[in-house]
Amino acid sequence: MASGELTKLEERVVRRIREGEDELVSLVSELVACDTTARDPGDPPRDEVRLQQLLAARLRALGAQVELFEPEPILAGQSPTIPFALDFAGRPQLIAALPGAGGGRSLVLNGHIDAVTPGDVTRWSSDPFRAEIRDGCLYGRGACDMKGGIAGFLFALECLAREGVRLAGDVTFCTNTDEESSGAGALALVARGVRGDAGLCGEPSGFDAWVACRGYLLFTVTITGRAGHAEMPAPHWSEGGAVNAIDRLEPILGAVRGLREDWRDRTELQHPLLAPSGIVPVMVEGGEWIVTYPETVTLTCDAQYLPAQVGADGFGSPVREEIVRALGAAADADDWLREHPLVFDFFSEAVPAEIPGDHPLVRTALAAAGALGRTGAVGALQSWHDAASFTRGGTPMFSFGPGGFETAHGVDERVPVADLVDHSAATALTAMRFCGTAT
């Protein structure tokens, strides 16, 4: 059989999925109708239980062994990657096991159920929590990122069962909260024991295989000054004069720019798929009163780093140390800052990961999409995704989903309906070819 050809059984499965377009659209619409907006710490639950129970009911109908669980609360400072206290009351995680007939490779299908806030809903052309079909696309918050991918995975499994296809390998379908805010949900699934020979994450990759991602370090650096009346002439600080903390920010911002340019040009930080490491100032907070020299100023930065920069401790410690050295050197050149050192707080981190571009599941998924006329390629996500947590936890995983990524997190988020159908069909073909069949 040529790589682009389908067997008779595969043709039947693809036909079943394409004929079920209305059912798939209805499933995505049901998921969009669940408000699972990503939370800030302390936010009450929304519709997470409703959505997970909706999925669980359909999975149980397939004969899956379903577990819904709320992980133990995370205490502030307990996790190196989650800086704040976090509990999961009303936000269950889902694991559904579909045992295979035996003798095949196991597959994990994962998706996150949270979606970013719709923002000002008056800017949307339709209700973000009521899916609407226009111009061949399904509109709604989370449509592409990533309730469409989740629905495609589930519908693929349902259509395989309806065609009497028994996979040889086991399949684990799992969905989690908190991808958009902390990554805590996927970490909880890994800690619960979710494993497989390989896995797919349903991010909207447009049928590309995102095999790598960058990680990030979020940190603050605080500069201490000395308060004084802003409208009065100030003697030199060594004589007790006021020190404007905001003025002292200038050399630190220069060091941030210098580090960003160094990383951009450094040979060992070039990656065939990922942009170089970066560091971006994102927030500045300072000052106490409108006629007072600011006593402190705090700069918040987002530093992105590559898989090659992960340290021996499994985190971005080499990046953290380089940031402290570079900004510390700039501070040492200032007489006030030399005597009043910078205060760093690295408060959140997501660790990057990558898998080989020629991994068997990568080749299988791209070939399956190609057989449906969808030409995908090996690629990468310049941000971060839950696939990294599974990869680091022992399951090589990459993102493989429908299109629409250009509208993710934006007004009028949408996903092409044809992409939903072909992604579900490609998932079914991938499962058959990777796991094997017993029919």
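Tutor: Two strands count as paired if DSSP finds at least two bridges between them, and the strands themselves are DSSP runs of E with at least two residues, whereas helices are runs of H or I with at least four, numbered from the N terminus. This is a predicted model, in which local features need pLDDT of at least 70, side-chain atom pairs count only at pLDDT 80 or more, and totals for chains, interfaces and linings use all residues. Residues are numbered from 1 along each chain as its sequence is written, and side-chain values use heavy atoms, with hydrogens and water left out.

Student: Which residue in β5 is the bridge partner of Glu132?

Tutor: Strands β4 and β5 (residues 137-139) pair in the antiparallel sense, and three bridges hold this pairing. For Glu132, the bridge partner in β5 is Tyr139.

Student: What is the average twist from one strand to the next in the sheet that contains them?

Tutor: The order of this open sheet of three strands is β4-β5-β15, with antiparallel pairing. Its edge strands, each pairing on one side only, are β4 (132-134) and β15 (414-416). The twist from one strand to the next averages 30°.

Student: What angle does the direction of helix α4 make with that of β15?

Tutor: Axes are lines fitted to C-alpha atoms, for helices over the stretch in contact (heavy atoms within 4.5 Å), and angles run from 0 to 180 degrees between N-to-C directions. Helix α4 (residues 143-162) packs on the sheet, where it touches β5 and β15, and its direction makes with that of β15 an angle of about 50°.

Student: By how much are neighbouring strands turned against each other in the sheet of four strands?

Tutor: This open sheet runs in the order β10-β11-β9-β12, and its pairing is antiparallel. The edge strands, pairing on one side only, are β10 (278-286) and β12. Neighbouring strands are turned against each other, on average and with direction ignored, by 20°.

Student: Which residue of β11 stands opposite Gly278?

Tutor: β10 and β11 run antiparallel and are joined by eight bridges. Within β11, the residue that stands opposite Gly278 is Gln304.

Student: How many of the six residues of β6 are buried?

Tutor: Buried means under 20% relative accessible area, with exposed over 50% and partly exposed in between, for a 1.4 Å probe and protein chains only. Val171, Phe173 and Thr175 point one way from the strand, Thr172, Cys174 and Asn176 point the other way, and all are buried. The number of buried residues in β6 is therefore, by this definition, six.

Student: Which residue with a positive phi follows α5?

Tutor: Helix α5 is mostly covered, with six of its eight residues buried, and these are Ala184, Gly185, Ala186, Ala188, Leu189 and Val190. Their cover includes β1 (65-69), β2, β3, β6 and α10. The residue that follows α5, with a positive phi near 110°, is Gly193.

Student: What is the volume of the largest cavity?

Tutor: On a 1 Å grid over the protein atoms alone, a cavity is a set of points where a 1.4 Å probe fits but cannot get out, a pocket is an open set with protein on both sides within 12 Å along at least five of seven lines, and lining residues have an atom within 4 Å of a point. Grid points are joined across faces, edges and corners, and a volume is the space filled by probe spheres set on the points. Thr36, Arg39 and Asp178 are among the residues that line the largest cavity. Its volume is about 60 Å³.

Student: Which element gives the most to the lining of the largest pocket?

Tutor: The largest pocket, of about 660 Å³, has 34 lining residues, with Glu179, Glu180, Tyr216, Ser383 and His409 nearest its centre. Elements giving two or more residues are β9 (215-224), β11 (296-305) and β12 (343-350). With three residues, the element that gives the most is β9.
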